[in-house]
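Please look over the sequence and the model shown here before reading on.

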Amino acid sequence: MKKVRDYVGQYERQGKGTGSAVSLASVGIIYMVILPWLVYQKGAGAAWIGIGCFGATLLLWHLDSYRLLRFSLQQKEMTIPGFVSRRFGEKTPVLRILLASILILVLISVSVLLLYGIALFAREVFGSEMYYVAIGVILISVGFYFLVGKSGLRTLERWISILMLFSLVALNLSIFRVLGTTKILENIFHSWAAGSVSEYVNIGFMSGKRLGVMEILSLFSFGLILLGNPVPMQRFMQTDRARTIHRSRRWAIIFSLFTMFLSILLGGMLRASLYPAKINSVADLFRWIMVEDRGRGFLFHLTGITFVVSAAVLAVSLFHTCILQITQIFHENILPSLIRRNKRRRKQHTWVFAVVLIIMEILICAASLVCGDWIYRLTLYSALILSAGLAPSIILALNYQRMTGAGFMSGFLGGILTATLWMFGNWIPQGETMVTMEELTGLNAVIPGMAFGFLLGILGSRLSKEPSKEIVEAYEEVKYRLVSSERDG
C-alpha cells in the first residue's frame with residue numbers, strides 16, 4: 001500500500017517509453033484511425049496530413065525536447081503553465097492561470113471527444129450501450145491509476161506502440177495475401193479506366209481532382225497542429241535526463257515514419273480490396289475488417305480483430321493520458337493559487353490529486369454522454385486555435401533570449417485571435433456575399449495563425465522591457481550548458 005501511495009504522491013521523472021509516449025500522444029490516433037479512413041475515402045492526397053504530422057514530430061523533437069527538459073530540471077516545474085511563469089519571472093500568477101485554464105478546457109474537449117468516440121464506436125460496431133461503455137472506460141482509467149499510479153502507463157507505452165505497428169503490418173499483409181498482386185493490379189487498371197487511378201498512387205490528387213498549392217498547404221498544416229499539443233511537451237518535461245531524450249528520439253522518428261507509411265498503405269489497400277464498392281461509414285468499415293466473409297479466411301479475420309483491439313487500446317491510453325495531464329495542470333497551477341494564503345494547505349497531498357482526478361473523470365464522462373457529433377468540430381477548432389497561439393510562443397520562449405512575458409502574451413493571444421478571425425471572420429466582400437479569409441484563399445488558419453504568433457511574439461518582446469539579468473542567466477545556462485542539472489547527464 002505504501003508503494004501505491006508513493007506512486008500517487010510524486011510525479012516521478014522517468015525515462016522509459018519517452019519516444020513511445022510522445023509519438024502515441026502526438027500522431028498515434030491520427031495515423032492509426034483517421035489517416036487510413038481519409039485515404040480510403042478521399043484518395044492518396046490525404047497523405048499530406050500524415051506528412052504534416054511527421055514534419056511536426058521532427059520539429060517537436062528538434063526545437064522543444066531538450067530545452068523543455070532542461071528548463072524543467074532547472075525550475076522544478078513539469079507543466080507548460082509552470083514553465084512559462086518561471087521562464088519570465090512572473091511575480092503574480094496571471095499568465096500561469098490564464099494558460100492553465102485554456103489548456104484544461106482544450107484537453108477536456110479532447111478527452112470528451114475520445115470517450116464519446118470510443119462509446120459511439122462500441123455502439124455502432126457491437127451494439128453496446130454508450131452509457132455502459134463510457135462508465136467502463138472511466139472505471140478502467142481510475143482503477144489503473146490507483147493500481148500503478150500516474151507513471152504506470154509509461155511502462156506499457158512502448159508495448160502499445162509495438163502492438164499498433166504490428167496490427168498495421170499484419171492487416172496490410174493480410175489484405176495483400178487475400179487479394180494477390182494480380183487482383184490489386186486489376187483494380188488499379190479498372191480505376192485507371194474510370195479516370196481515378198491518381199487517387200491510388202498520386203498524392204497530388206484527392207476526391208477525383210488535382211490538388212492546388214493552397215489545398216496541399218492546408219492539408220499539410222493540419223498536421224502542424226501537433227506543434228501546439230501540450231501533451232508531448234509536458235512529457236518532455238517529465239523525462240529524467242537528456243540521454244533519455246537522445247535515445248527516445250530515434251524510436252519516435254522511426255515509429256512516426258513507419259506508422260505514416262503503413263496507414264497510407266492501409267487506406268489504399270482497403271480501397272483496392274473493396275473496389276468498386278465504397279463504404280461510407282467508419283463503423284461499417286471496421287465491421288467489414290472484423291467479419292470473416294467472401295473467403296478471406298481466418299488470418300484476415302484475426303488481423304482485423306488485432307487492428308480494432310490496437311485502436312481501442314490506443315484510444316483508451318490517450319484518454320487516460322489526457323485525464324492525467326488535466327489533473328496535473330489543475331493540481332500544480334490552479335489549486336495552489338486558490339489556497340495560497342494557507343501554507344499548510346498548499347502542500348500537495350496525495351488525496352487532493354486523487355479527488356481532482358475522480359471529479360474530472362466524472363465530469364468528462366457526463367459530458368461525453370450528452371454531447372453529439374458537434375464535439376468533433378468543436379475539438380478540431382479548439383485544437384487548431386490553441387496550436388496557432390501556443391506553438392510559436394513556446395518555440396520563441398525556448399529559443400529566443402530576448403523573449404519576454406509581454407511578448408509571450410502577444411504571440412499567444414495574437415495567434416489565437418488571428419486563427420479565429422481567419423476561420424470565422426465573415427468580413428471579406430466576395431460578389432454579393434461576405435466570406436472568410438479561409439474561404440477566400442483556400443488556406444486554413446494554422447499557418448497564418450502561427451505566422452502572426454511568431455511576428456507578434458517578437459514585436460511584443462522588442463517593444464517591452466528587456467528581461468532581467470537573472471532571467472537571462474537562467475536562459476543562458478539552459479542554452480549553452482549540456483548539463484543543467486546533476487540528473488541531466
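Is Ser-161 buried or exposed? At 0% relative accessibility, Ser-161 counts as buried, where buried means under 20% relative accessible area, exposed means over 50%, and partly exposed lies in between, with a 1.4 Å probe and protein chains only. This is a predicted model, in which local features need pLDDT of at least 70 and side-chain atom pairs count only at pLDDT 80 or more, while totals for chains, interfaces and linings use all residues. Residues are numbered from 1 along each chain as its sequence is written, and side-chain values use heavy atoms, with hydrogens and water left out.

Ser-161 sits in helix 7, which covers residues 154-193; helices are DSSP runs (H or I, at least four residues), as strands are (E, at least two), and they are numbered from the N terminus. Leaving aside neighbours within four places in sequence, Ser-161 is in contact (heavy atoms within 4.5 Å) with Ser-20, Leu-24, Trp-251 and Phe-255. Another buried residue is Leu-274, with a relative accessible area of 7%, and it belongs to helix 11, residues 242-274. Although Leu-274 and Tyr-40 are 234 residues apart in sequence, their C-alpha atoms are 9.9 Å apart in space.

Helix 2 (residues 18-42) packs with helix 3 at an angle of about 170°, their axes lying 9 Å apart; the axes are lines fitted to C-alpha atoms over the stretch in contact, and angles run from 0 to 180 degrees between N-to-C directions. The two helices are therefore roughly antiparallel to each other, since angles over 145 degrees count as roughly antiparallel, those under 35 as roughly parallel, those from 65 to 115 as roughly perpendicular, and the rest as oblique. Among the residues that make the contact are Val-22, Ile-30 and Leu-35 of helix 2, and Cys-53, Phe-54 and Trp-61 of helix 3.

Lys-76 lies in the loop between helix 3 (47-75) and helix 4 (80-87), and it is exposed, with a relative accessible area of 71%. The phi of Lys-76 is near 60°, a positive value in a residue other than glycine. Most residues other than glycine have a negative phi.

The structure holds 4 salt bridges, a salt bridge being a side-chain nitrogen of Lys or Arg within 4 Å of a carboxyl oxygen of Asp or Glu. Glu-77 forms one with Arg-96, the closest N and O atoms being 3.2 Å apart, and this pair links distant parts of the chain, with Glu-77 in the loop between helix 3 and helix 4 and Arg-96 in helix 5, 19 residues apart. Both Glu-77 and Arg-96 are buried. The side chain of Glu-77 also meets that of Arg-86 in a salt bridge (3.6 Å, N to O), and Arg-86 is partly exposed, at 41%.

Helix 6 gives the most to the nonpolar patch, with 4 residues. Val-370, found in helix 15, is exposed, with a relative accessible area of 69%.
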